[in-house]
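Subject: Structure handover

Hello,

Here is the structure I promised to pass on. Please open it alongside this email.

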Amino acid sequence: MFSDILIQIDGKKIETRAGLNLVDVARNAEIFLPSLCYHKHIDPPLGTCRVCACKVDGQTRAGCITKTYDGMEVEIQTAELDDLRKAIVEMMFSEGNHFCPACEKSGNCDLQHMGYEMGISHTRFPHLFKDRLIDFSPQRMLIDHNRCIKCRRCVEEVITDDGLQVFSYCNKGNETLVGIDYDQEAKLTEQQAIEAMQLCPTGAILVKGKSFPHPFGDRRFDMQSVIKNTPNKHQTLNMIDTARPKERKIIATTSLAGCFGCHMSMLDMDLVLLDLIQLVDFNKSPLTDIKEFTEKCDIGLIEGGCCNAENIEVLREFRKKCKVLVTVGECAIWGGVPAMRNTIPLEECLEEAYLNSITTHPGECKVPYHEDLPKILDKVYPCRDIVDVDFHIPGCPPTANHIWKVVSQVLWDDDYSILYSEFKYD
Ligand code: SF4
Ligand code: SF4
Ligand code: FES
């Protein structure tokens with residue numbers, strides 16, 4: 001490529017051309033600069049998300065809207081900038097309702113993919129659980145305003161054959177929404193609507209009756225990292241290296257408001273479990289059916305969040321009895337699928353479940369209440385809202401590989417390297 005300038009990125013000298021954007025230049029030089037609103041066919045770049053934050057000659061800038069010039073000094077891979085970019089993406093997850101395990105876009109979603117690439121296992125911000133409109137009124141599309149990150153891609157690029165916009169911003173500040181012009185939307189061909197769905201970096205725009213055709217394991221972001229040198233091959237669990245002496249440890253596991261999928265995943269260790277029981281004793285755990293703690297444990301693995309008073313009691317006891325506490329899976333980390341009820345008042349949820357559902361006979365059912373039943377909470381809480389948590393293992397459920405690697409790293413300081421294909425939210 002013809003080059004006319006010399007710049008530095010993280011101290012590396014790069015010959016390039018003046019006037020290019022830093023996201024492209026960094027990636028061509030095999031330096032990963034995350035991005036979300038940036039799309040190679042949208043010119044000028046939108047610059048709305050700030051996920052591409054970097055420092056240019058000491059000033060924090062959005063890389064996608066910063067043009068190269070001779071002698072510029074760029075910082076990308078610093079602890080401060082990594083943390084800043086992660087915080088922006090974490091805020092997007094907290095601000096919207098991103099229930100990845102129940103989302104049609106999962107595996108094909110740019111936001112989710114950036115979370116994987118940046119190693120985000122949980123958000124440091126509380127989830128807002130807003131109840132925004134899911135708009136089924138358009139002819140071809142449905143718009144889930146809870147998933148929109150206001151990137152502006154659709155506003156700029158989804159245009160009818162008459163040259164009219166289909167989307168536009170309405171309201172201001174925190175109330176900003178992407179509005180859709182129903183008349184213009186109705187003029188889009190099916191192919192144009194599908195292209196709009198693909199252009200959206202989240203699952204905010206979907207086309208009715210058209211889902212993503214690839215099965216799990218074969219979706220756009222299932223296996224491959226865009227970061228060079230990240231091992232992408234799927235590996236199976238190695239047998240435990242019994243030659244290396246390991247101190248015997250005690251493990252506890254329990255399930256709160258979860259589906260037991262994470263425990264099923266633990267059992268997927270298969271033959272490794274036989275090695276594992278040579279090295280660990282399971283104390284309180286549904287895997288051994290030991291219901292009460294008999295001793296203090298080295299590590300406690302928690303599946304599920306807290307939806308009732310009993311969950312909180314069990315979790316607090318677990319924290320007291322385990323030196324290290326690990327939340328396993330999305331429900332334990334931030335509420336997960338059970339937290340879908342957090343956007344709806346509790347009373348309405350109970351009425352829907354016990355009085356108005358299609359399996360109840362009108363007048364014959366009531367909301368169950370008894371003093372022996374655990375009291376249901378106003379919403380589903382993540383474990384870390386109740387007790388201190390040391391580590392999080394994301395996934396719904398996390399793979400056996402992922403769980404095992406974390407446990408062996410914590411217990412015996414073994415090598416810790418999670419493959420891209422193992423770090424998932426769904
Ligand atoms: S797949 Fe994407 S849009 Fe869907 S819930 Fe997850 S992050 Fe949100
Ligand atoms: S609907 Fe999608 S493309 Fe449009 S602004 Fe929201 S996230 Fe971006
Ligand atoms: S990717 Fe640069 S601001 Fe969004």
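Below are the findings, by topic.

Please note that this is a predicted model.

Domains. The domain assignment gives domain 1 (5–77), domain 2 (99–207) and domain 3 (249–422). I looked at the pair formed by domain 1 and domain 2. Their C-alpha centres lie 26 Å apart. Eleven residues of domain 1 are in contact with 14 residues of domain 2. About 970 Å² is buried between domain 1 and domain 2, and carbon and sulfur atoms give 76% of that area. On the domain 1 side, Leu36, Ile42 and Leu46 lose the most area to domain 2. Together they make up 46% of what that side buries. By class, the side of domain 1 that touches domain 2 has seven nonpolar, three polar and one charged residues. Across this interface there are zero salt bridges, but four residue pairs are in polar contact.

Salt bridges. Side chains of opposite charge can pair when their charged atoms come close. The count here comes to 21 salt bridges. One joins lysine 55 and glutamate 80, with the closest N and O atoms 3.3 Å apart. This pair links distant parts of the chain, 25 residues apart. Lysine 55 sits in strand E3 (residues 53–56), and glutamate 80 in helix H2 (residues 79–95).

Backbone. Most residues other than glycine have a negative phi, and most peptide bonds are trans. A cis peptide bond joins aspartate 43 and proline 44, with omega about 0°. Glutamate 30 lies in the loop between H1 and E3 too. Its phi is near 60°, a positive value in a residue other than glycine. Then go to the loop between strand E17 (391–393) and helix H12 (400–412), which holds proline 397. The peptide bond from cysteine 396 to proline 397 is cis, with omega near -5°.

Best wishes

Technical notes. Residues numbered from 1 in each chain as written. Chains lettered and ligands numbered in written order. Predicted model: local features only at pLDDT ≥ 70, side-chain atom pairs only at ≥ 80, totals over all residues. Heavy atoms only, no water. Domains from an automatic or database assignment. Contact = heavy atoms within 4.5 Å. Buried area = accessible area lost by both parts, 1.4 Å probe. Salt bridge = Lys/Arg side-chain N within 4 Å of Asp/Glu carboxyl O. Polar contact = N/O pair within 3.5 Å; in protein donor to acceptor, adjacent residues only side chain to side chain. Nonpolar A, V, L, I, M, F, W, Y, C, P; charged D, E, K, R; others polar. Helix = DSSP H or I, 4+ residues; strand = E, 2+ residues; numbered from the N terminus.
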